[in-house]
Amino acid sequence: MSAGLYATGRNAFATAGVNWTSDPIYVAFVGAGYVANMSTDQWYSSVQSYVIGSPIQLTSTAASAGVCSAANVTSGNLSTGSTITQIVIFKNTGTPGTSQLIAREDVTSTPTNGGTVSITWDTGPNKIFML
């Protein structure tokens, strides 16, 4: 499975359909059942049934020279019995069928146990991702 930017997400940035610093950008924890098609998947509705817990809005979103960053995130308590294998970033319009997918990344398999899960974004030169 290929991680990175969805083709439709890149196009949304190029056509002003996504503004990283002013749109409501969310991250969702996702299980292995979701098999991404990075070329054609466009809407959060294609991921929604594989999401573990509730998506979390990113805060302190910033962009510089095409590099996108945000504050680290921590989930609420996640019910026992699921395993997080990937994260998906999307622009949340409030309607899954119009919420633009932006990026997907594999993560270390993390079983849920009733506690929280945190994402610490890369602090290197590409931060969360670079356009």
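**Ground rules.** I number residues from 1 along each chain as its sequence is written. As the model is predicted, local features need pLDDT of at least 70, side-chain atom pairs count only at pLDDT 80 or more, totals for chains, interfaces and linings use all residues, and side-chain values use heavy atoms, with hydrogens and water left out.

**Sheet.** I looked up the strand order first. I found an open sheet of 5 strands, ordered β1-β8-β7-β2-β3, with antiparallel pairing. Strands here are DSSP E runs of at least two residues, helices are H or I runs of at least four, and both are numbered from the N terminus. Two strands pair if DSSP finds at least two bridges between them. At the edges I noted β1 (4-5) and β3 (51-57), each pairing on one side only. Next I checked β7 (residues 83-91) against β8 (residues 101-111): 7 bridges join these antiparallel strands. I picked out I87, whose bridge partner in β8 is E105.

**Helix α1.** Helix α1 (residues 7-14) packs on the sheet and touches β1 and β8. A contact means heavy atoms within 4.5 Å. The direction of α1 makes about 135° with that of β8. Axes are lines fitted to C-alpha atoms, for helices over the stretch in contact, and angles run from 0 to 180 degrees between N-to-C directions.

**G9.** I placed G9 in helix α1. G9 counts as buried because its relative accessibility is 0%; the cut-off is under 20% relative accessible area, with exposed over 50% and partly exposed in between (1.4 Å probe, protein chains only). Leaving out residues up to four places away in sequence, G9 touches Q100, L101 and I102.

**Cores.** I then looked up the largest nonpolar core and got 25 residues. Such a core is a set of buried Ala, Val, Leu, Ile, Met, Phe, Trp, Tyr and Cys residues joined through side-chain atoms within 4.5 Å. W20, V27, I89, I102, W121 and F129 have the most contacts inside this core. Two or more residues each come from α1, β2, β3, β7 and β8. For W20, I listed contacts beyond four places in sequence, including F13, L58, I89, I102 and F129. Another core, of 13 residues, lies apart, with V30, A36, M38 and V88 among them.

**D23.** I found D23 in the loop between α1 and β2 (25-30). Its side chain makes a polar contact with the side chain of K91 (3.4 Å). That term means a pair of N or O atoms within 3.5 Å; within protein, one must be able to donate a hydrogen and the other to accept it, and residues adjacent in sequence count only if both atoms are side-chain atoms.
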